Amino acid sequence: MTLAAPSPRLIPLDLARTLAILCMVAFHFTFDLALFGYIAPDTMGRPFWYYFARMIAGSFLFLSGVSLWLAHGRGIRWPAFWTRFARIAGGALLVSIASIWLVPGGTILFGILHAIAAASLLGLIALRLPWPVTLALAALILAAAWGPRFAAFDPLWLVWTGLAESRPMMGDYVPLIPWAAPALAGVALARAVRLDLWRGTIPTRLSRALSFPGRHSLVIYLIHQPILFGLFSLYSMATS
């Protein structure tokens with residue numbers, strides 16, 4: 001795999017990330033409303049919010065696969081890859097550490113950032129597979145979610161597999177089975193349409209503003225919930 005120049009930035013991809021970010025903030029805002037008692041406490045267990053959360057997680061992983069092909073489809077640029085991987089893995093580590101105090105009894109050992117980091121490593125293999133093979137692999141991983149579970153995968157150090165008989169108690173749990181599937185599907189689709197050959201456009205002032213959250217999705221992911229939680233806490237204290 002040879003070093004290659006990055007593809008032009010595609011504004012629609014940043015806008016798609018912005019939409020995913022907005023949906024995520026809306027979900028956590030509603031979660032906090034329930035947590036602080038401003039809406040029914042069972043709200044987040046209702047079917048809409050259950051599937052909405054999974055749609056958000058799937059969209060982030062799918063877009064990460066698309067981005068992986070866009071950045072490295074013509075050849076893996078190892079320094080850029082490892083820099084991005086380190087940022088995401090570092091963010092995942094921060095989430096795990098913070099959850100020890102913020103999510104008692106539900107420490108996040110393998111959440112969405114952990115899944116994106118791990119799926120990017122799988123994506124390195126998918127970059128050189130024919131796209132139908134990658135898509136078939138994604139389908140197999142998705143189907144495995146309805147397959148058997150094994151007690152041998154119950155130890156916490158295997159939590160990333162998603163094959164344990166008992167679901168671990170975590171505030172956010174996104175194991176590779178089935179969540180590597182949307183990431184690989186993103187790689188497959190991007191390769192099928194040769195997204196790396198698409199020409200980027202010069203951003204307008206409006207598109208630059210709308211795509212700003214999408215260009216800084218990791219930072220927003222890390223800070224939005226602490227900010228929301230802090231604001232709700234302040235409001236609760238001020239009105240009590």
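Start by selecting Phe 153: with 25% relative accessibility, this residue is partly exposed. Bear in mind as you click around that you're looking at a predicted model.

Show both side chains and look at how the rings sit: Phe 150 and Phe 153 make a tilted aromatic pair, with 6.1 Å from centre to centre and 55° between the planes.

How many aromatic pairs turn up in the whole structure? A search finds 16. For another one, hop over to Phe 48 and Phe 52. Their ring centres are 5.4 Å apart and the planes meet at 15°; since planes under 30 degrees apart count as stacked, this pair is stacked.

Zoom out a bit and you'll see helix α2, which covers residues 47-72. Phe 48 and Phe 52 are four residues apart in that helix, so about one helical turn separates them.

Next, pick Tyr 50 and Arg 54. Here a charged side chain meets a ring: Arg 54 lies over the face of Tyr 50, 3.6 Å from the ring centre.

For the last stop, select six residues together: Phe 29, Phe 36, Tyr 38, Phe 229, Phe 232 and Tyr 235. Show their side chains and you have one aromatic cluster on screen.

Note on methods
Residues are numbered from 1 along each chain as its sequence is written. This is a predicted model: local features need pLDDT of at least 70, side-chain atom pairs count only at pLDDT 80 or more; totals for chains, interfaces and linings use all residues. Side-chain values use heavy atoms; hydrogens and water are left out. Rings of Phe, Tyr and Trp (its six-membered ring) pair if their centres lie within 6.5 Å; planes under 30 degrees apart count as stacked, over 60 as edge-to-face and the rest as tilted. Helices (H or I, at least four residues) and strands (E, at least two) are DSSP runs, numbered from the N terminus. Buried means under 20% relative accessible area, exposed over 50%, partly exposed in between (1.4 Å probe, protein chains only). A charge sits over a ring if NZ of Lys or CZ of Arg is within 6 Å of the ring centre and within 35 degrees of the ring normal.
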